[in-house]
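Please consult the view below while reading.

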Amino acid sequence: MAAVDSFYLLYREIARSCSCYMEALALVGAWYTARKSITVICDFYSLVRLHFIPRLVSRADLIKQYGRWAVVSGATDGIGRAYAEELASRGLNIILISRSQDKLQTVAKDIADTYKVETEVIVADFSSGREIYDPIREALKDKDIGILVNNVGVFYPYPQYFTQVSEDKLWDIINVNIAAASLMVHMVLPGMVERKKGAVVTISSGSCCKPTPQLAAYSASKAYLDHFSRALQYEYASQGIFVQSLIPFYVATNVTAPGSFLHKCPWLVPSPKVYAHHAVSTLGISKRTTGYWSHSIQFLFAQYMPEWLWVWGANVLNRSLRKEALSCKA
Ligand SMILES: NC(=O)c1ccc[n+]([C@@H]2O[C@H](COP(=O)([O-])OP(=O)(O)OC[C@H]3O[C@@H](n4cnc5c(N)ncnc54)[C@H](OP(=O)(O)O)[C@@H]3O)[C@@H](O)[C@H]2O)c1
């Protein structure tokens, strides 16, 4: 009994002498919680403001804002094709760049017939490196390019550890994902600066949020694009140019093999058409966005989660995507 009494006495004495520290700690805790809560509320408010409000008001006049012509790289399939169609539906003339003449002609004709706009095609394989840029420059020289969409990109056949990725694929990632966007911007931006208007959209990827194992080179190339776009925006915004880093998570294209479990949740993995429709509505509004509401929720989670959790999740997802791809092949 005496021991309990003396412990209680001791506890009261310690509590009394530490009470000012406890209050200070409680204040720090309350301040930290309030700050975090305000950040989360602001992030959700921006999500609603960006993805829902622009869809309620009338669509921006992209021709007046940026110019009559848009160039889209990797425009015959997936996100690139859908983005080109969405821009055409807003009245812009489109220049499509890809490797296959036949696919280009078919898509260009489809777009011209459906949206009553002009279309032109440039055949170029961005994996070939430096030699392709002079012909592209020549083809674009008389055009006032209002919007450049750096969409072309290559992915691994399926998520792989770095040493299993072929040397050819690594060069493709460097030439197609990194060099193409840099050189296309270098070619088109001076004209935009001269006209004091224009937009550059560069398609990065959600895998650039944090280091992504089993996609090391791909996710690093997309991080390059994200940083590149953000730095360009700081350099050229004052000259009337809008530079957007677009960071999609999964979209149901050839990259995410048809039949994959990813194609079974459309609100998480939208079709390219739905994705492009949403993404274009963020043009001129957000300098850095995923372009789609459910991707923005994923992006917020990715930002708040610790790196170890991201890495764990990426490993689990990429392992199952590899297994699925290999079992389809077998
Ligand atoms: N799909 C996703 O889940 C996802 C997620 C995040 C980011 N992204 C990014 O979004 C962009 C588009 O992806 P996607 O899924 O729409 O791809 P996709 O469906 O595979 O389409 C790729 C397009 O690029 C063209 N292309 C491929 N290699 C080329 C090369 N070497 N030179 C010129 N054109 C080439 C293809 O046309 P040809 O074959 O006729 O040349 C096709 O038009 C990429 O940058 C990708 O990294 C995609």
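## Basis of the report

Helices (H or I, at least four residues) and strands (E, at least two) are DSSP runs, numbered from the N terminus. The model is predicted: local features need pLDDT of at least 70, side-chain atom pairs count only at pLDDT 80 or more, and totals for chains, interfaces and linings use all residues. Residues are numbered from 1 along each chain as its sequence is written, and side-chain values use heavy atoms, with hydrogens and water left out.

R81 and E85 form a salt bridge, with closest N and O atoms 3.0 Å apart; the term denotes a side-chain nitrogen of Lys or Arg within 4 Å of a carboxyl oxygen of Asp or Glu. Because they lie 4 residues apart in helix α4, about one helical turn separates R81 and E85.

Buried means under 20% relative accessible area, exposed over 50%, and partly exposed in between (1.4 Å probe, protein chains only). R81 is partly exposed at 24% relative accessibility, whereas E85 is buried at 17%.

## Salt bridges of D226

D226 is buried, with a relative accessible area of 2%. The side chain of D226 meets that of R230 in a salt bridge (3.3 Å, N to O). R288 also forms a salt bridge with D226, at 2.8 Å between the closest N and O atoms. This pair links distant parts of the chain, with R288 in strand β7 and D226 in helix α8, 62 residues apart.
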